[in-house]
Amino acid sequence: MTRPGRPGPPGAREIAIVAFAQTRHRRATPELSEPEMLLPVLREALDQAGLRPGEAGFTCSGSSDYLAGRPFSFTMALDTVGAWPPVAESHVEMDGAWALYEAWVKLLTGEADTALVYAHGTSSSGELRDVLTRQLDPYCTAPLWPDPVALAALQAQALIDAGETDEAALARIAVRSRAAAATNPYAQLRGPVPAGDYVVRPLRTGDCPPVGDGAAAVVLAAGDDARRRCARPAWIRGMDHRAEPHALGVRDLTDSVSTRLAAERAGAFDAPADTAELHAPFTSQEVVLRKALRLADGVAVNPSGGPLAANPVMAAGLIRLGEAAARIHRGESGRALAHATSGPCLQQNLVAVLEGPEREERP
Amino acid sequence: MPDVLTAPLVVEFPFTRSLGPVLSAFLTGLRERVVLGIRTRDGRVLVPPAEYDPVTGEDLHALVRTAATGTVTTWAWNPAPRRGQPLATPFAWVLVRLDGADTALLHALDAPGPEAVRTGLRVRVRWAARRTGAITDIACFEPCPPGTDAPAGPAVPHDGVFPDPVTILTTPARLDYTYTPGRALGRHLAALADRRITGERCPSCHKVYVPPRGACPTCAVATGEQVEVGPRGTVTTFCVVNIKARNLTIDVPYVYAHIALDGAGLALHGRIAGIPCDQVRMGLRVEPVWTGDARHPDHYRPTGEPDAAYDTYKELL
């Protein structure tokens, strides 16, 4: 039932994240195929939710064939979900956060009561900095092969020029993130990492995310079904995603208009959050996101360590939603923001607002 | 567990794209050492030109010519250039707002070191010696020599018409990967090296997958139990190939078949030889023929056994 003042369409069903699992992210996983990496993660998430393989009403995944250079690799991954006889299933060539968005919409329509969402990426199979140039405008940008560190460094310098940060402040973000990850057994970098040399100045190795392989899975459920499957469901109060022009020179790189707009439409500004899981692979991008999301000093930002501690491409955004939900499941958060990004310099952004059961209004 | 097998995997392709009127004019202009932008209804000049206003979505048509000089709006020093990037020696990535433009263009700046670069630096285009109608016709930017750094005037209208316009852009792309097969396929490939064909059995439904992919797609559980299958098997279905595949040394026509190896829960595919094409049939019993050091059977040939009854393989079609 809809409640006054709540975001979302009138009469919208209540949908919650009821389970989350992820791999222990590593630099490389040469001994595993993609289905072999996914299988235990899916099983763990389904077990948490009390679902059998193939039982979810909808299945949606996010991955990119470019990462491992294997065309249609997502169809192989379907071996892991019990997809035969056929199940209702979809895939996005995007971070799994966008697969979660599609699954959320599917549940909102009432066509399914539960959904399995998963994502995986094996960046170790190729040269990630080269691979990600292929997502850029193919006419005027991709022929120059500008890699994601270079583009993030242009954004970082713009922030420094604007007086919004400096290299010391960026280093503190890196240190805080890896320190937070010390208690996260799934993180790839746990504990102090030297600031290191410039990769592309002004960004140093410490400002950049680790390159690695990993997978994650989330289960969504609606209404009382969610309450049965999880003691403290993480209710999705709103979710929206917005994109900006592909041409970098058209954008103000010191701001994220799309994040702010998505946050507004998701209801992020209706009440203060205690936690924010931000998909900021580079330290400088956290500066942009904090401003766009108007985060107060007391908000716990990336208590998991965030993407600076583990950044399995295509799964790292879904992991932000999963980590935020898990904080609510564990009673460590009452209201959390989760953010996912895609494209160079935070081009496209998704914001979700999650709340624990204590925020449910009693009739 | 045997050592992890790896193999180089190169994905390489020339993407061919039609340009449309706006990008055709822009890239042809670069070939002619002319930089074109496009003016939006509210008067902003976009370089590179966009076909649609990124704010309003309106169609844009008003091409303008800007200067080949401009100002750095942000920069990043790249100490280790990568393959395909504009310069092979350390350089600065820059966003440059050309004189007469309101947006910035991404490119490289040739400078002796990061000390020589700053936001606000005046720069000019260094044209490539050989120009084809591509963004790389701008070889890079270079700092304006002292005394030549006065900003140029506003953009002026341009009809975008050039002789022999570029209408197609072909951009080569190459990505290098290392392929690894994973546990189940790795075990299968290791056995093949000993000329044994193995599958893996699902612990739940007991189906034997050949080649194994690590999971049963019906039960969604990991397979683990190794099962040696074949070497003999039954042709479940086949086709006659009459078109020669590129780079393939096999003469046409030949028969390509689905073969259910004895003990396997599904058919794999292989070439049939040692029998005229028009005598291959469903139910034909075949065995693998190994040649040289190949990890896979070169082809399958008839065993001479009586044909298998349809009921023995009808579930494997």
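**Helices, sheet and interface**

Modeller: Helix α4 (residues 96–108) of chain A packs against helix α11 (residues 316–329) of chain A at an angle of about 60 degrees, their axes 5 Å apart. This is a predicted model: local features need pLDDT of at least 70, side-chain atom pairs count only at pLDDT 80 or more, and totals for chains, interfaces and linings use all residues. Residues are numbered from 1 along each chain as its sequence is written, while chains are lettered from A and ligands numbered from 1 in the order in which they are written.

Biologist: How are α4(A) and α11(A) oriented to each other?

Modeller: Helices (H or I, at least four residues) and strands (E, at least two) are DSSP runs, numbered from the N terminus. Axes are lines fitted to C-alpha atoms, for helices over the stretch in contact, and angles run from 0 to 180 degrees between N-to-C directions. Angles under 35 degrees count as roughly parallel, over 145 as roughly antiparallel, 65 to 115 as roughly perpendicular and the rest as oblique. α4(A) and α11(A) are therefore oblique.

Biologist: Which residues make the contact?

Modeller: Two residues are in contact if their C-beta atoms, placed from the backbone, lie within 7 Å. Here α4(A) contributes A:Gly96, A:Ala97 and A:Leu100, and α11(A) contributes A:Gly317, A:Leu318, A:Arg320 and A:Leu321.

Biologist: What is the order of the strands in the sheet of chain A?

Modeller: Two strands pair if DSSP finds at least two bridges between them. The open sheet has 10 strands with mixed pairing, in the order β3-β2-β4-β7-β1-β8-β12-β11-β9-β10 (chain A). At the edges stand β3 (89–92) and β10 (300–301) of chain A, each with a single partner strand, so one side of each has no neighbour in the sheet. Strand β2 (residues 58–62) of chain A runs parallel to β3(A), joined by four bridges, and A:Thr59 lies opposite A:Glu89 in β3(A). α11(A) lies across several strands, including β1 (15–22) and β11 of chain A, and runs at about 170 degrees to β11(A).

Biologist: How many residues of chain B are in contact with chain A?

Modeller: There are 54, facing 51 residues of chain A. The largest share of this side of chain B, seven residues, comes from β11(B). Ala, Val, Leu, Ile, Met, Phe, Trp, Tyr, Cys and Pro count as nonpolar, Asp, Glu, Lys and Arg as charged, and the others, Gly among them, as polar. On that basis, the side of chain B that touches chain A has 34 nonpolar, 15 polar and five charged residues.
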